[in-house]
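This report walks through one protein model. Please keep the sequence and the structure in view.

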Amino acid sequence: MADRSGSEVPHPEALDTWFHLTAVRRDGDTVRYHGDSLVPRSRLAEELTPAFEERGYDLRLSVDEAGNDVLVARPFGASASSSGNPAVNVALLFATVLSTLFVGATVWYYVPLSAIAENPLRILEAWPFTAAVLGVLLTHEMGHYVAGRWHGVDVSLPYVIPFYVPFGTMGAVIRMRSRVPDRKSLFDIGAAGPLAGLVATIIVTAIGVSLDPISVPQRVVEGSGQAIVFHNPPLLDLIAGALGQQTAYTDPAKAVHPVVMGGWIGMFFTVLNLLPVGQLDGGHITRAVFGPRQETLAAMVPGALFGIAGYLWYVRDMGMENSVALWVLWGFITLFVSFGGAAAPVDESPIGWKRKAAALLTFALGALCFLAVPIEIVTV
């Protein structure tokens, strides 16, 4: 059998028995068989996978934009190539490396702007901060990428977003450009990011709290005005306690090593990503677990975030500078995101108890990263 370019492609006899084939397309080593399954998708994989493995191909099920079934066959050992323009991903990554180096040097390593103007290479002093922040964020997104490719879903490479204070980045995103074949795939793709990111976060935090504190310049100690205080999530305190390390110093001339902030950022973004709404990771996971009923849970999220803001404002008597504005902002963000709806897999078969247990574990770990007041602006 040949594709439309005339190249020979594998065509086991079982393919015509279980699959109505309408088109064959080759993308490098990858062969995509478009059509419609003649049996339930779980049965299709069971019948066709051995036949393709005999010919040296790994088989995954996917769907195209029109919702038609797609069989994705790749030779063993071949990697899936991402469509799109990788130059954009590389350019954004380069820009974010520069932004995190600059912010890391000026904010977290206390390098004066005048010193950077005189010698721009001074920003390289912040390379541990940049490595920690981007290491956590990219590990998270690559978890999604690998899981998406494993399930034959067309996903993009990560897009890292450069920004200014306080982290030098607004995080990273990845795009799913085709429908997810089933709820199991949706769960794996959704959960792979937070779990991979948390592993990187724990490692980065353990390294950070084990490093010696840095010296705070006298000009900063004696300075006056407002400062941003980042409170420790429970997971950060657990890691520091297990290693017998401290995360605060009574001496104002000492501060925790900036690498610790890489772990803090990982925990903060984990909480936000696990909000169970729309296309966020938490939305994918809960959609996989609960099916269409997930929309009921998603509708409660904005109200819950507004409720946290109201609790801090009215009960705790805290101002906007004490994370009230943060939760108000995310209340509106989740309200907007919810209108886009969650991902809709083609196959609505339940995911099974093992993945449900993994979902519980993922959200439990996410809860250890939550603080009602993660950020506070204080007068110094």
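D317 is found in the loop between α11 (294–315) and α12. Helices here are DSSP runs of H or I with at least four residues, strands are runs of E with at least two, and both are numbered from the N terminus. The model is predicted: local features need pLDDT of at least 70, side-chain atom pairs count only at pLDDT 80 or more, and totals for chains, interfaces and linings use all residues. Residues are numbered from 1 along each chain as its sequence is written, and side-chain values use heavy atoms, with hydrogens and water left out.

Phi of D317 is near 55 degrees, a positive value in a residue other than glycine. Most residues other than glycine have a negative phi. D317 is exposed, at 64% relative accessible area. Buried means under 20% relative accessible area, exposed means over 50%, and partly exposed lies in between (1.4 Å probe, protein chains only). S323 also is not a glycine, and its phi is positive at about 70 degrees. S323 sits in helix α12. S323 is buried, with a relative accessible area of 4%.

## The chain overall

The chain has 13 helices and 10 strands. Its C-alpha atoms fill a box of roughly 80 × 50 × 35 Å along the principal axes. Of the 380 residues, 46% are buried.

Contact means heavy atoms within 4.5 Å. Take the contacts between residues at least 6 apart in sequence: 68% of them join residues at least 24 apart.

## Helix α9 against α5

How do α5 and α9 run relative to each other? The axes of helix α5 (residues 127–150) and helix α9 (residues 259–273) come within 7 Å and cross at roughly 25 degrees. Axes are lines fitted to C-alpha atoms, for helices over the stretch in contact, and angles run from 0 to 180 degrees between N-to-C directions. α5 and α9 are therefore roughly parallel to each other. Angles under 35 degrees count as roughly parallel, over 145 as roughly antiparallel, 65 to 115 as roughly perpendicular and the rest as oblique.

The crossing of α5 and α9 is right-handed. A crossing is right-handed if the near helix is turned clockwise from the far one by less than a right angle, and left-handed if anticlockwise. On the α5 side, the contact uses P128, F129, A132, V133, V136, L137 and H140. On the α9 side, it uses V259, M261, G262, I265, G266, F269 and N273. These residues divide into 10 nonpolar, four polar and no charged. Ala, Val, Leu, Ile, Met, Phe, Trp, Tyr, Cys and Pro count as nonpolar; Asp, Glu, Lys and Arg count as charged; the others, Gly among them, count as polar.

## Helix α9 against α6

Helix α6 (residues 183–210) also packs with α9, at an angle of about 150 degrees and with the axes 7 Å apart. That makes α6 roughly antiparallel to α9. The crossing of α6 and α9 is left-handed. From α6, the contact is made by L198, T201, V204, T205, G208 and V209. From α9 come V259, V260, G262, G263, G266, M267 and T270. The contact of α6 with α9 divides into six nonpolar, seven polar and no charged residues.

T201 lies in helix α6. T201 is buried, at 0% relative accessible area. Beyond its neighbours within four places in sequence, T201 is in contact with V136, G263, G266 and M267.

## T169 in strand β6

T169 is found in strand β6 (residues 169–173). Is T169 buried or exposed? T169 is buried, with a relative accessible area of 4%. A polar atom of the T169 side chain lies 2.7 Å from the backbone oxygen of I161.

Neighbours within four places in sequence aside, T169 is in contact with T96, T100, V133, L137, V160, I161, P162, F163 and Y164. Two of these, V133 and L137, also belong to the α5 side of the contact with α9.

## Two partly exposed residues

G352 sits in the loop between α12 (320–340) and α13 (353–367). At 31% relative accessibility, G352 counts as partly exposed.

I333 lies in helix α12. I333 is partly exposed, at 28% relative accessible area. The C-alpha atoms of I333 and G67, 266 residues apart along the chain, are separated by 29 Å.

Key:
A polar contact is a pair of N or O atoms within 3.5 Å; within protein, one must be able to donate a hydrogen and the other to accept it, and residues adjacent in sequence count only if both atoms are side-chain atoms.
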